[in-house]
Amino acid sequence: MHPRDQTIFALSSGRLPSAIAIVRVSGPMAEQVVSGLAGKTPAPRMATRALLHDQNGQPIDDAVVLWFPGPASATGEDVAEFHVHGGRAVLATLFGAIAAFKNVRPAEPGEFTRRAFENGKLDLTEAEGLDDLIHADTDRQRRQALRQLKGLLGDRARDWRERAIAASALIEAGIDFSDEGDVPAELIAPALDRIRSLHAEIQGVLAAQGQGERLRDGVVVAISGPPNVGKSTLINQLARREVAIVSPHAGTTRDVIEVQLDLDGYPVTVIDTAGIRETEDPVEQEGVRRARARAAEADLVLWLADNADARVGHEGTTPVWLVHNKIDLGRPLAEPGAGVPEFSISAVRGDGIPELIASLVGFAHDYFGASEGGLIMRVRQRELLQQTADALSRSVDVVGQGEELAAEELRSAALSLGRLLGRVDVEDILDVIFREFCVGK
């Protein structure tokens, strides 16, 4: 039996132990599994309490069981859910009882969502939105992922694809069926109008993008500077917990330490790096090399210093803020300079930290953009939309050289949009021709 025809099961809730655990079963054997363990098939979509037994009649757990006959289910197949107590022994016994049924196996990673996609419950953009929703760390990421799951990009892409196919159908009809009386003689001009309008719309989306991908990935802030200026103390202060070792000895931090922050809903990764200095220690040399590399890749560098006369020692195009630390030791406050933004703080006492965090929130706001309505969330989506726009542009350019060339470029545009959605059907253009122009009746 093909793996796709087998019934799959998996734990669909969080890690064990837990108060309640949810085990999902999907596939043609789901009804036999639920009736075999619960004693009968529950009424569809109604929570039913049942004492579960294995195939030898031994009790497993007092559970709540749900039954979702396909195609009205999350995967489009027959689906059963077992809500049991979340102990490891309970789950191990239940898994063994489910696996004892013929052609029932544990699910592979993402297999439930893949079956939902293959059965038309989700397109690829919605599946990607579901993955982003699961991994969202902040409320802004959650809202963005939820909009994607609800069809923010998928609905637009389906509309664009239908319009590309309709324009292609006009040109194809003019090429192949020009002798039919019910096919308009002048089809190229309206087709070109549709193509130009569609191209302008997609180009506008591409030009406005950046926020969606940025919000998904987050902003990276590197804390850099000489040794023993308080970088590790600052990252502990920002994280509100001890994530880095603090020591009076220079060179304590040898590797890169990362902490994920939620600043007003914006995902921010703060990096504590090794102190930048010349050293003969090969281990510390590697730490300095990694520190310079991560600072160069960051979106913002906080150059930490412990005296008011310090200057930024970071080279590169990354924005830099100069942060003067240790004002609790009586160090003079930094005077605002005409160059990079400057802050005065005490990483030990917390003086100036709220102002620094407020500025980081402002930086994140400007970095991500005020709008959360970006359509493009991933490189794959942006590349396929760019391929679509390029094909539409070429179709207009080559139409004077032959309608066949223009039609081929439109097919490429529709194919790219189909790949974006995960839906590619070579019969779509002929379907439109026959439906719109009644050819061949």
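The protein chain contains 14 helices and 12 strands; helices (H or I, at least four residues) and strands (E, at least two) are DSSP runs, numbered from the N terminus. This is a predicted model, in which local features need pLDDT of at least 70, side-chain atom pairs count only at pLDDT 80 or more, and totals for chains, interfaces and linings use all residues. Residues are numbered from 1 along each chain as its sequence is written, and side-chain values use heavy atoms, with hydrogens and water left out.

**The whole chain**

Begin with the entire chain, coloured by pLDDT, the predictor's confidence in each residue, from 0 to 100. The mean pLDDT is 80, and 77% of the residues reach 70 or more. Next, select residues 244-254, where the pLDDT is below 50. Beyond near neighbours in sequence, this stretch has 30 contacts in the model, a contact being heavy atoms within 4.5 Å. Residues 432-441 also have a pLDDT below 50, with 21 contacts beyond near neighbours in sequence. Where pLDDT is low, the predicted coordinates should not be read in detail.

**The sheet**

Now select the six strands that form an open sheet in the order β3-β4-β5-β2-β1-β6, with mixed pairing. Two strands pair if DSSP finds at least two bridges between them. Strands β3 and β6 (104-106) stand at the edges, each with a single partner strand, so one side of each is left without a neighbour in the sheet. From one strand to the next, the twist averages 30°; angles run from 0 to 180 degrees between N-to-C directions, and axes are lines fitted to C-alpha atoms, for helices over the stretch in contact.

**From strand to strand**

Select β3 (residues 48-53) and β4 (residues 59-68), which pair in the antiparallel sense over six bridges. Within this pair, Ala50 has Ala63 in β4 as its bridge partner. The two strands form a hairpin with five residues between them, and Gly57 in the turn has a positive phi of about 85°.

Then display β1 (residues 7-11) and β2 (residues 18-26), which run antiparallel and are joined by four bridges. The bridge partner of Phe9 in β2 is Val25.

**The helix on the sheet**

Finally, select helix α2 (residues 88-99), which packs on the sheet and touches β1, β2, β3, β4, β5 and β6. The direction of α2 makes about 155° with that of β5.
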